[in-house]
Amino acid sequence: MNIIHDTLINWFAENQRDLPWRHNPSPYEVWLSEVILQQTRVSQGRDYYLRFIERWPTVTDLAQATEEEVLKLWQGLGYYSRARNLHQCAQQVVEQYGGQFPSDFEKLRKLKGIGDYTAAAIASIAFGLPHAVVDGNVYRVLSRLFDIDTPININEGQKRFALLADELLDREQPGLHNQALMEFGALHCTPQNPDCLLCPLQVHCLAFSNNTVAQRPVKVRRTEIKTRYLNYLVILFEDKVYLHKRDDSDIWKNLYDFPCIETKEQASAADILQSDEFSQLIEGKPCFTRKVSRLYTHKLTHRTIIAQFIEINLEEELLQIQTKGLTLTRESDLGNYPIPRLIDLYLNT
Ligand code: SF4
């Protein structure tokens with residue numbers, strides 16, 4: 001094991017990327033970067049990280065922001081429950097620990113949105129505590145090094161890999177070891193085309209000797225991906241547009257989109273405009289159709305969304321907007337609202 005972690009740490013010293021959160025790995029910076037990197041690649045995550053740090057340099061600053069401000073800066077990363085958890089976690093750190101993250105794995109683990117992985121990353125990188133991280137990169141490297149065919153997305157696999165990562169951990173320098181292992185997976189032992197021929201761990205790699213590298217790690221496919229058909233009504237009145245604030249019963253909680261009629265299968269714009277739901281929505285007021293968009297396909301973790309946007313000009317203002325969860329806002333103010341990526345894509349097209 002010693003040879004493996006020494007090799008990894010030497011490799012890391014020569015090959016690591018210069019990333020802003022590595023300059024001063026405070027608990028706040030480690031936590032923020034790990035939460036952002038669970039959502040996106042490093043190249044895009046770096047920009048989000050810098051924007052967050054510039055706007056809220058400390059966890060106390062972040063705790064004092066409004067949820068809407070946090071969602072707005074998070075926009076484009078998806079999975080908005082993580083942004084809400086980020087904000088609530090900052091508030092817990094301020095309320096329960098006076099603005100300092102606790103240097104204890106179990107206490108970190110109890111904070112909102114912090115799971116085993118993030119708690120281990122903060123504990124090891126910021127506090128030097130001996131906790132092994134297990135992320136996608138670690139699963140891949142370990143499954144190849146030890147040629148393990150237990151699926152990584154079942155309980156048995158998760159337990160097995162957690163134990164193995166713990167056995168492999170360099171307890172003298174756990175933060176460095178964890179970062180080296182993750183970086184090695186991200187840059188060298190990559191999902192496609194790992195550089196086995198120039199790999200410093202090749203002599204120890206069982207998947208390389210057994211010629212099973214391409215089959216590792218093993219995953220079982222379980223979740224059925226559902227398709228949803230969203231027909232958005234972009235209702236314009238003078239220079240304003242009706243926005244809809246989403247509630248917590250569905251995806252995109254507390255974000256803004258447009259009023260929407262969901263159908264079980266793809267519907268034409270004419271079907272939507274002739275439906276009872278549409279006449280109730282516009283309260284039978286006179287209107288005309290300005291434009292119908294192309295179809296947008298948007299993939300979420302367990303769903304595929306097929307959306308169309310029907311632009312309507314309304315000749316009279318709607319009266320019952322509160323009961324429908326609507327807000328009338330100037331088109332020029334749309335940028336002030338947190339919106340899902342799908343709506344952002346449509347607005348930018
Ligand atoms: S030999 Fe290939 S599969 Fe094995 S650790 Fe190195 S890069 Fe990964």
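How many of the residues of helix α3 are buried? Of its 11 residues, 10 are buried, and α3 is therefore described as mostly covered, where buried means under 20% relative accessible area, exposed means over 50%, and partly exposed lies in between, with a 1.4 Å probe and protein chains only. Helices here are DSSP runs of H or I with at least four residues, strands are runs of E with at least two, and both are numbered from the N terminus.

Before going on, a word on the model: it is predicted, so local features need pLDDT of at least 70 and side-chain atom pairs count only at pLDDT 80 or more, while totals for chains, interfaces and linings use all residues. Residues are numbered from 1 along each chain as its sequence is written, and side-chain values use heavy atoms, with hydrogens and water left out.

Back to α3, whose buried residues include P27, E29, V30 and L32. By the ring rule, Phe, Tyr and Trp (its six-membered ring) pair if their centres lie within 6.5 Å, with planes under 30 degrees apart called stacked, over 60 edge-to-face, and the rest tilted. The count by this rule comes to 15 aromatic pairs. One of them joins Y28 and W31, a tilted pair at 6.0 Å centre to centre with 40 degrees between the planes. Both residues lie in helix α3 (residues 27-37), 3 residues apart, which is about one turn of the helix. An α-helix has 3.6 residues a turn, so residues three or four places apart point the same way. Both Y28 and W31 are buried.

Now compare F52 and W74, which form an edge-to-face pair, 6.4 Å centre to centre and 90 degrees between the planes. Because F52 lies in helix α4 (residues 42-55) and W74 in helix α6 (residues 67-74), this pair ties together parts that are 22 residues apart in sequence. F52 is buried, with a relative accessible area of 0%, and W74 is buried with a relative accessible area of 0% as well.

Elsewhere, ring pairs link Y232, F258, Y296, F309 and Y346 into a cluster. F258 is in the loop between β3 (256-257) and β4 (260-263), and at 1% relative accessibility F258 counts as buried.

Turning to the backbone, most residues other than glycine have a negative phi, and most peptide bonds are trans. The peptide bond from R216 to P217, however, is cis, with omega near 0 degrees, and P217 is in the loop between α13 (206-210) and β1 (226-237). N193 has a positive phi, near 50 degrees; N193 lies in the loop between α12 (174-187) and α13 and is exposed, with a relative accessible area of 71%. W252 has a positive phi of about 60 degrees although it is not a glycine; W252 lies in the loop between β2 (240-245) and β3, but is buried, with a relative accessible area of 10%.
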